[in-house]
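Please read it with the coordinates open.

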Amino acid sequence: MIKEILKVAYARAYVRIKGTNRDITHYIADVFLPLFGVSAILFAYKALNAPEIFLASAAIGASMMAFWYNVLWSMASQFYWEREHGNLTLFVASGSPLTGILLGMALGGAFNMTLRASGVLILTIILFNIKLNQAAILPTFLLFILTLTSLYSLGMIFASSFLRFGRSVSKVNELLGEPILFLSGVYFPIGVFPLAIQILASFVPLALGIEGLRELLVLNKSMNDVIWIYLLLVFLTFLFSFIAIKLLRKMEKEGRSKGTLTLRWE
Amino acid sequence: MGVKSFIRKILSLVWLSYKIEANWTSIGNYLAYITVRPTFTLLLMIFIFVAVRGNQQFGYFILVGQAFYNLIGSGIMGVAYTLWDDREHYRMLKYMYIMPVNFSIYLVGRGLYKYIEGILPLAISFIIGSIIINVPFTELHIQWSLLILNYLLGYVWIVALGLLIASLMFFTTEYGWIVIESLMASLLLFGNIIFPSDLLPFPLNLISNALPIKIWIDLNRELIIGDLNYFNFQFVELVIMSFSYLIVALLIFKESEKIARKNGLIDIVTTH
């Protein structure tokens, strides 16, 4: 079963990676467009005479934003769109495990976004002469991977549960966009929030990831100092993956019995 | 076309837009939905100021800039997105096109609804932002008549930008989105929104000076706090700039429409 899931995941990830990267203009747009926004934020910090750490923090946070949008628009609502286009019926009829398709969507999306986020971060570093702690590359890489696994596991939960929604799915996505970015402190440290909101934010993988990256790359902290973030991200990955698989099976079963797997134009 | 008939058409289009936008839920849910996103976008920017504990004047600068930036986004999307939505999503563009309404007026009317709708999130996010950065409401001496005039004037250049994007949307759908995003992102950078655009290095500051948004946003800041209470030269400059943009945009739109019609692109569906 695991071999089958991995084969399906590879096939789905291949399509996603090939499809997204076949046109270089999309890559250029995906890297250069966020640069306008990041530049505006960094100019605002400069206008406020903020210390350099704020600029570096905002650069990291802004480059991570793409992952959240990818989770919402290319994970959460994906099964809904597949159903609208008639592909979901084919997926189910083919006998491919839906968990493999979800995993492939996550792997492909994470790979594509990593290419783009790296581009945004590198260009921001060059343009604004931002200094990051280069000695923390390995712990940073590990933290980054854990952030992606937990974030995309959350995306898998959304993808399973969003099958319930009709055309209001895009509205739900829009409602989840900016509030989570705000809670994650993409442009500012979440330390500015009251304690209760900080605790709430610690269940959001994006917030944990950005905070961890800041501590390692900007505040020069060691892996031991932020070990709680690593542990929490591992915990969230397992928890979200477990919930996602359960939910997906439930939705598939419900969909088959109620005939909603093929329902379109709701 | 008489003024009465023109107003009737515009009002019908505004009503139509409302019906299309809001028919998926109850009015209460819809109002909450349109408010959430702009409010959190504003909070994202306001907390830059909160994190640094900057001076309140700068907080006010960001507050007004971002609150009105959301309105601009709403207006531009209202005009440009309608073309895409009608063609690709609802597949109704061909029917709209044969209506006895000039096509550019159709887009202006549809976009106007989004511009009007934007007032609610603007007001709510402004109040929430003011509370966060401690702007005392008693210190605001809003010049209502001039502010409303500026609001109406804003729609002139916003329509112009929307029509320019719509002109491009005739020929592409995929890249049309990139253009919309580029325009909105560049307005955030060049538009005097969250930092004074004079800080931009040469020659980027020249781009900012050529955009009506810079004067428009500054006028909003001055009119809300009450620093300006008469129709000054900035207004004249804005009127000239806005209508110049509109005339150019209408000419380009007309030409694009002609080419698209000739090439059979009006109702083409690319499923992007």
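This is a predicted model: local features need pLDDT of at least 70, side-chain atom pairs count only at pLDDT 80 or more; totals for chains, interfaces and linings use all residues.

1. Chain A, secondary structure and dimensions. Chain A contains 11 helices and zero strands, so that, by the DSSP runs used here, its elements read α-α-α-α-α-α-α-α-α-α-α from the N terminus on. The C-alpha trace of chain A spans about 60 × 40 × 35 Å along its principal axes. Its radius of gyration is 19 Å, which agrees with the value near 18 Å that a compact globule of 266 residues would have.

2. Of the 266 residues in chain A, 47% are buried.

3. Chain B, secondary structure and dimensions. For chain B the secondary structure likewise comes to 11 helices and zero strands, and the pattern along the sequence is α-α-α-α-α-α-α-α-α-α-α. The C-alpha trace of chain B spans about 55 × 45 × 40 Å along its principal axes. A compact globule of 272 residues would have a radius of gyration near 19 Å, and the 19 Å found for chain B agrees with this.

4. Chain B, burial and contacts. Buried residues account for 42% of the 272 residues in chain B. Among contacts in chain B with a separation of 6 or more, 82% are between residues 24 or more positions apart.

5. Helices H2(A) and H6(A). Within chain A, the axes of H2(A) and helix H6 (residues 98-128) come within 9 Å and cross at roughly 45 degrees. The two helices are therefore oblique to each other, and their crossing is right-handed. From H2(A) the contact is made by Tyr27(A), Asp30(A), Val31(A), Pro34(A), Leu35(A), Val38(A) and Leu42(A), and from H6(A) by Arg116(A), Gly119(A), Val120(A), Leu123(A), Thr124(A) and Phe128(A). The residues of this contact divide into nine nonpolar, two polar and two charged.

6. Helices H3(A) and H10(A). The axes of helix H3 (residues 52-76) and helix H10 (residues 205-217) of chain A come within 10 Å and cross at roughly 150 degrees. That makes H3(A) roughly antiparallel to H10(A), and H3(A) passes H10(A) in a right-handed crossing. The residues in contact are Ser57(A), Ile60(A), Gly61(A), Met64(A), Phe67(A) and Trp68(A) of H3(A), together with Leu206(A), Gly209(A), Ile210(A), Leu213(A), Arg214(A) and Leu217(A) of H10(A). By class, the residues of this contact are eight nonpolar, three polar and one charged.

7. Glu117(B). The charged residue Glu117(B) lies in helix H5 (residues 103-117) of chain B. Is Glu117(B) buried or exposed? Glu117(B) is buried, because 22 other C-beta atoms lie within 10 Å, where the cut-off for burial is 20 or more. Leaving aside neighbours within four places in sequence, Glu117(B) is in contact with Ile34(B) and Ser74(B). The C-alpha atoms of Glu117(B) and Thr35(B) are separated by 9.7 Å, although these residues are 82 residues apart along the chain.

8. Gly109(B). Helix H5 of chain B also holds Gly109(B), which counts as buried because it has 23 C-beta neighbours inside 10 Å. Apart from neighbours within four places in sequence, Gly109(B) is in contact with Lys9(B), Ile10(B), Leu13(B) and Val14(B). Gly109(B) and Ile124(B), by contrast, are 15 residues apart in sequence and 25 Å apart in space, C-alpha to C-alpha.

Note on methods:
Residues are numbered from 1 along each chain as its sequence is written. Chains are lettered from A and ligands numbered from 1 in the order in which they are written. Helices (H or I, at least four residues) and strands (E, at least two) are DSSP runs, numbered from the N terminus. The radius of gyration is taken over C-alpha atoms; the globule rule is 2.2 Å times the number of residues to the power 0.38. A residue is buried if 20 or more other C-beta atoms lie within 10 Å of its own, exposed if 12 or fewer, and partly exposed in between; C-beta atoms are placed from the backbone. Two residues are in contact if their C-beta atoms, placed from the backbone, lie within 7 Å. Axes are lines fitted to C-alpha atoms, for helices over the stretch in contact, and angles run from 0 to 180 degrees between N-to-C directions. Angles under 35 degrees count as roughly parallel, over 145 as roughly antiparallel, 65 to 115 as roughly perpendicular and the rest as oblique. A crossing is left-handed if the near helix is turned anticlockwise from the far one by less than a right angle, and right-handed if clockwise.
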